[in-house]
Amino acid sequence: MVGIIPMASSIRPSLSTLRFAGASRLGLSLASFTPRRLACFHLASAVPQSQSFGLKASKLLRGDGKTIGVAAGGNAAQASTTATPENVLEWVKQDKRRLLHVVYRVGDLDRTIKFYTECLGMKLLRKRDIPEERYTNAFLGYGPEDSHFVIELTYNYGVDKYDIGTAFGHFGIAVDDVAKTVELVKAKGGKVTREPGPVKGGNTVIAFVEDPDGYKFELLERGPTPEPLCQVMLRVGDLDRSITFYEKAFGMELLRKRDNPEYKYTIAMLGYGPEDKNAVLELTYNYGVTEYNKGNAYAQIAVGTDDVYKTAEAIKLCGGKITREPGPLPGINTKITACLDPDGWKSVLKVHIK
């Protein structure tokens, strides 16, 4: 097993794992969690949105200061009459959020679980079969769901292959020794697509491996960290537009941005805290490429929030598309909303009702 060095921390055991079958089919983890984290969701792939993202909605105010609506790519939305756009977007900055889980589909669940636990050092946190809806979920990671960013795998009965497409990039895992991890992956029959060595233009030792379904994992050599599952990389068609959206609508912080003209790409790291202590979203813009094929394998990320209603309002104000209006899920103590970003990447935001 690969040596992951989690930083010592006080971790509460996971609480109730009560879930709602229909919601899980959408990739919504309903296990108890601290409602201040980022999480991934699992809806079908979407057509990229060619919308004008930004805060143009802030101009749409009546003389009395109340909101009358927003214009975003033709999707008009009636906002709250009790809060101005400025108030809502300011609230987003104060809302404490965290990445919760990322959701994607695999063709052989047991095979993938074996690879992640034996080669990547993850733990199987829980597994649940839903025969009436013909799918099975498995949650894996480096710590309990209520305190760590985790992976939610979905196996749909009879589907053994998916198209990853060209838009999804990779997941990042921090390890203490990249070379040893690579040797272990090779010994287990895994595929290494980039041998260990310093990253181009830097000193960090990295390597790339593929899981049995073709999902790429970047191994990053780091010291102790509380969040070994540390990155999700997605490609976007307009980096500045995406940065603005995630800063304003999701309350993320731009941690760093780096242009690589020699290789014709630019990356931006966004998240809710430093990269060495939190999972982050890595957005990549390749010069001149504005659209990608998303395939049907990768699903979504989930984010914890204190208020799904205000969250949905902020997303609309920033030009995002709400695909699931905010509200409670039947039979459980959870409220959610779902949306698409400027490139059509899906996210689910949710809060546990106390």
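Predicted model: local features only at pLDDT ≥ 70, side-chain atom pairs only at ≥ 80, totals over all residues.

1. Glu210 is buried, at a relative accessible area of 13%, where buried means under 20% relative accessible area, exposed over 50% and partly exposed in between (1.4 Å probe, protein chains only). Its side chain meets that of Lys216 in a salt bridge of 3.2 Å, N to O; the term denotes a side-chain nitrogen of Lys or Arg within 4 Å of a carboxyl oxygen of Asp or Glu. Lys216 is partly exposed, with a relative accessible area of 32%.

2. Residues are numbered from 1 along each chain as its sequence is written, and side-chain values use heavy atoms, with hydrogens and water left out.

3. The protein chain contains six helices and 17 strands; these are DSSP runs numbered from the N terminus (helices H or I, at least four residues; strands E, at least two). Of its 354 residues, 55% are buried. Among contacts with a separation of 6 or more, 67% are between residues 24 or more positions apart, a contact being heavy atoms within 4.5 Å. The accessible surface of the chain is about 14800 Å², and carbon and sulfur atoms account for 52% of that surface; such areas come from the Shrake-Rupley method with a 1.4 Å probe, and for residues only the protein chains shown count as cover.

4. Which residues carry the UniProt feature "binding site"? The unreviewed entry places this feature at Glu152, His170 and Glu218. Of these residues, His170 and Glu218 are included in the lining of the largest pocket. On a 1 Å grid over the protein atoms alone, a pocket is an open set of points with protein on both sides within 12 Å along at least five of seven lines, and lining residues have an atom within 4 Å of a point. UniProt positions follow the numbering used here, feature names are shortened, and annotations may be inferred rather than shown by experiment.

5. Glu152 belongs to strand β5 (residues 150–156) and is buried, with a relative accessible area of 0%. Glu218 lies in strand β9 (residues 216–221) and is buried at 9%. The side chains of Glu218 and His170 are joined by a polar contact of 3.0 Å. That term means a pair of N or O atoms within 3.5 Å; within protein, one must be able to donate a hydrogen and the other to accept it, and residues adjacent in sequence count only if both atoms are side-chain atoms. Apart from neighbours within four places in sequence, the contacts of Glu218 include Phe171, Ile206, Phe208 and Gln231.

6. The whole structure holds 15 salt bridges. In one of them, the side chains of Arg256 and Glu275 meet at 2.5 Å, N to O. Because Arg256 lies in strand β11 (residues 253–260) and Glu275 in the loop between β12 (265–271) and β13 (280–286), the pair ties together parts that are 19 residues apart in sequence. Arg256 is partly exposed at 33% relative accessibility, whereas Glu275 is buried at 16%.

7. Salt bridges that share partners join Lys114, Glu118 and Lys188 into one network. Within this group, the side chains of Lys188 and Glu118 meet at 3.4 Å, N to O. This pair links distant parts of the chain, 70 residues apart: Lys188 is in the loop between α4 (178–187) and β7 (191–198), and Glu118 is in helix α3 (residues 109–119). Lys188 is partly exposed at 47% relative accessibility, and Glu118 is partly exposed at 28%.

Key
1 Å grid on protein atoms, 1.4 Å probe; cavity = no way out; pocket = protein on both sides within 12 Å on 5 of 7 lines; lining within 4 Å.
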